[in-house]
Amino acid sequence: MERHEVSQDLLEKKAKLIDALKDVYQSRIESVRTIPYLMEKSHVKDIFIESGITVFERKGPSSKRGVWKRSDSYDKLLTNATVSSARRILQGDPGYGKSLLSLHFARKWCEEEDEAVSKFEVLIILQLRQLKGVASIYRAIKRLIGRSSDISVGDIEEIIDTSSVLIVLDSYDEYPDANKQESLVDQVFSGSTLSKAVVNLTSRYFPSRFHQMDTVRFKLTGFDHTERNKYLLKSVTQDDAGEAQRIQKSLEGNPALAALCQVPLFFACFAHISHEEKADLKEYTSVTKYFGILQEYLREGAYEYFTQLGVLVEDEENEEQAVKDKKGEEGGEEDGTNGGKGDVEQDEGGKRVEKEGEDKKEVEKERNEVKEGTDIVVKDPNGTKHGTGAGGNEEEKGGGEKEEINTAIEEGEHKQGEEEEDDRETTSSTRVKFLHSTFCEWFASFWLKKVAVEKKEAILKKAVEKLNPVNLGYIYRFACGHDPTAGKKIIRQLLDVHGNSEIATMCIYERPGDMKDLIQPMKGICSQTVDIKEDDSKILQVSTIHLLKGASDNAVKVNEICMEQSFQGVDDTKTGIRLSSGFVLPTLKTVEKITIKGDETEIGTDKVRDLIGYSRQSEGMKEIEFEDCEVSEVPNAESLPPELRDYKIQVFRVNGDRVDYLNPESGKWKNIQEEAKEILDGIDELSGKMRNDEADLCRQLQMRETIEQLEKQKQQHDKIHKAIEKDDEAVSSIKQRAETFLERFHKRLDQVTRTSLKDNSEKLKVCSPNK
């Protein structure tokens, strides 16, 4: 980068800034806790394992389309030669390790271990959820190092602007100012501030406002078998390969649990609980069930943890009385919207603050109803309350997605009386720490479930309108997993309000009960293309297979299944499709179209024939399409099934604007556009010939009729009529060909070609002269 002359005073301040940053990062690096109360704090070096990461490669410089390709290392975020932009976005679902990766980079920078990171003079890691209302990156850095530092905002600006800088903006999905114009992130990403700095932004999703900016996208893909094993040996079993194998084996035969354990956070919890408690968690096949048992282990661990500290642990029976002792017997009217948890606010700095609810008369009732979602309440000698379900994180949660929860809760509340408002003023505040944002969504999901079950549809709709499923998908999934009645209502509202079929699909998987109750939501999702992508999370693929199986079992038509880089072939039984994830798509009776998209390897003859055979098992199958694929021909056309020869099932190959179809008579690919042109050329040629024959006939009739001429004329006349008869046969043939072609490939032809074929073939009717 361009260098500027700097004073000795600024160099000294720069050294102070670097030391202050290292102090901040070091305290975080050394105090990572995977599971609160069940394990001690760890150094990031002892638990960090590189999981899968992919980079999005566009098909063209200005194209939005592209493919996700696996990258060799996380360091490619900083060193990849193909990464020309200094603005990078790292996507990853909750629990995939975005924030832990930031600490991994911080450790390397602090210890100057890796040139890829240590080449930057200054590393700035900012938690966006803590930056509500902060419009300056330099003020945000001042907040990071603490107000006690004698380095001013002006000093920071001068230091940053004259140094090589790596900035990590963590958790954009939790950023309170995400929807504001000219926010801190907008300034940095647009280049109006720190244009020469390298900036990595982490988020659950790719922000649409950055589509037009020059960015490079990465995505964390989680743990596979190898990476799970590395984590076990390094962080859990301490190189005990036998114990690692035992834990890994417990995932066998349970694809749903294995899919959950693709998420590093979930697998870490699973691994430590399985190891420490020797527990068998194989029966927990949904995220909701898994979190339920996880909460129980956290509760049990908390009892032991606080007991050892000499802290009184209140059980559920005593908690109501403890609240009454503190607040008096009188309570406010129940608002019925926040599960008895009270109002949720933020203090200065965006930290999570939770006010105690006024009405505790029905605490015991709600404890029994939502036992899995209830914190243990503990008190230290000073009277401070601690919540176990969320404990253990060194940073309080606040930010954008929590504000969405708060807003939704406020929308669902009834107005309170003045007496209650007065009582609220005397309420003390309790700060609640969350291990991870997903735990916050877990507790919020019980409120959403309660609204769905107890309140009117209009109130539920308002709540759903306020809860963005892109940011807060786990709230919906958990709530649907808690109660089938709530799940049915939530899924319907989720589709009606947001149209988010991906989250709705995962909600259907979470929801217990018969899928016959979900016919309408399934129809809505399956009327559109159902995607199965290679880069989909495994739990999404499991959920999608569950949805398609339910649709098949309940006679719901599936318009199209599109397998994008995920098709591996038909299994040995010929009754299922193997996916790249290892899952199998079973026989489905109601699918109308299967699309195989973007497969880089050639799809051979056997795979084509097997896929056709699999497709025949669907009673409504109409089309198979290969898009952007290299597909072989089928030399032995006689082996093709009768459905293909009768064109009841058609097979297409699409590459850009070119569309070919598999000719069942030859087994070869034939281009539709070329055949359409061939038919039109034939019509033009035949029309010209018929006009010439008609002209010859007219000239023949005008000849003088001498006896000699009549004889010659008769011979010529017969010859012309034979030619016209052949023309008539040709007209019938080409008209039939054009009509059949239009009928078969109507959807595949452009409007101009369709109109031209139809009009020109109809004109042939008037070209034939009367005999």
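Which residues have the most contacts inside the largest nonpolar core?

**Entry 1. Cores**

I looked up the largest nonpolar core and found 177 residues, with Tyr25, Ile124, Leu169, Val185, Leu448 and Phe626 having the most contacts inside it. I took a nonpolar core as a set of buried Ala, Val, Leu, Ile, Met, Phe, Trp, Tyr and Cys residues joined through side-chain atoms within 4.5 Å. For burial I used relative accessible area: buried is under 20%, exposed is over 50%, and partly exposed is in between (1.4 Å probe, protein chains only). The largest share of this core, nine residues, is supplied by helix α18 (residues 437-454). Another core lies apart from it and has 20 residues, among them Phe652, Val659, Ile672 and Ile679.

I note that the model is predicted, that local features need pLDDT of at least 70 and side-chain atom pairs pLDDT 80 or more, and that totals for chains, interfaces and linings use all residues. Residues are numbered from 1 along each chain as its sequence is written, and side-chain values use heavy atoms, with hydrogens and water left out.

I then listed the contacts of Val185 (heavy atoms within 4.5 Å). Leaving aside neighbours within four places in sequence, Val185 is in contact with Leu128, Leu169, Tyr172, Tyr175, Leu201 and Phe210.

Helices and strands here are DSSP runs numbered from the N terminus (H or I, at least four residues, for helices; E, at least two, for strands). I checked strand β20 (residues 623-627) and found five of its five residues buried. Glu623, Glu625 and Glu627 are buried on one side of β20, and Ile624 and Phe626 are buried on the other.

I counted two strands as paired if DSSP finds at least two bridges between them. Strand β19 (residues 593-597) runs parallel to β20 and is joined to it by five bridges; Lys593 stands opposite Glu623. Five bridges also join β20 to β21, again in parallel, and there Phe626 stands opposite Arg653.

**Entry 2. Aromatic rings**

I paired rings of Phe, Tyr and Trp (its six-membered ring) if their centres lie within 6.5 Å, with planes under 30 degrees apart counted as stacked, over 60 as edge-to-face and the rest as tilted. The count by this rule is 22 aromatic pairs. One of these is the tilted pair of Phe223 and Tyr231, at 6.2 Å centre to centre and 40° between the planes. Phe223 and Tyr231 are both buried.

Phe652 and Phe745 have ring centres 5.9 Å apart and planes at 80°, so I recorded this pair as edge-to-face. Phe652 belongs to strand β21 (residues 650-655) and Phe745 to helix α28 (residues 707-745), so the pair ties together parts that are 93 residues apart in sequence. Phe652 and Phe745 are buried as well.

I also found one aromatic cluster formed by Phe266, Tyr290, Phe291, Phe439, Trp442, Phe446, Tyr474 and Phe478.

For charges over rings, I required NZ of Lys or CZ of Arg within 6 Å of the ring centre and within 35 degrees of the ring normal. Lys22 lies over the face of Trp109 at 5.4 Å from the ring centre, and Arg228 over the face of Phe267 at 5.9 Å.

**Entry 3. The sheet β16-β17-β18**

I traced an open sheet of three strands in the order β16-β17-β18, with antiparallel pairing. β16 (567-570) and β18 stand at the edges with a single partner strand each, so one side of each is left without a neighbour in the sheet. Three bridges join β16 to β17 (residues 577-579), and Phe567 has Leu579 as its bridge partner in β17.

**Entry 4. Loop residues**

Lys574 has a positive phi of about 65° although it is not a glycine.

Leu194, in the loop between α8 (184-190) and β6 (198-203), has a positive phi of about 50° and is not a glycine either. Leu194 is buried, with a relative accessible area of 10%.

Thr590 is found in the loop between β18 (584-585) and β19 and is buried at 14%. A polar atom of its side chain lies 2.8 Å from the backbone oxygen of Val556.

Terms used
Polar contact = N/O pair within 3.5 Å; in protein donor to acceptor, adjacent residues only side chain to side chain.
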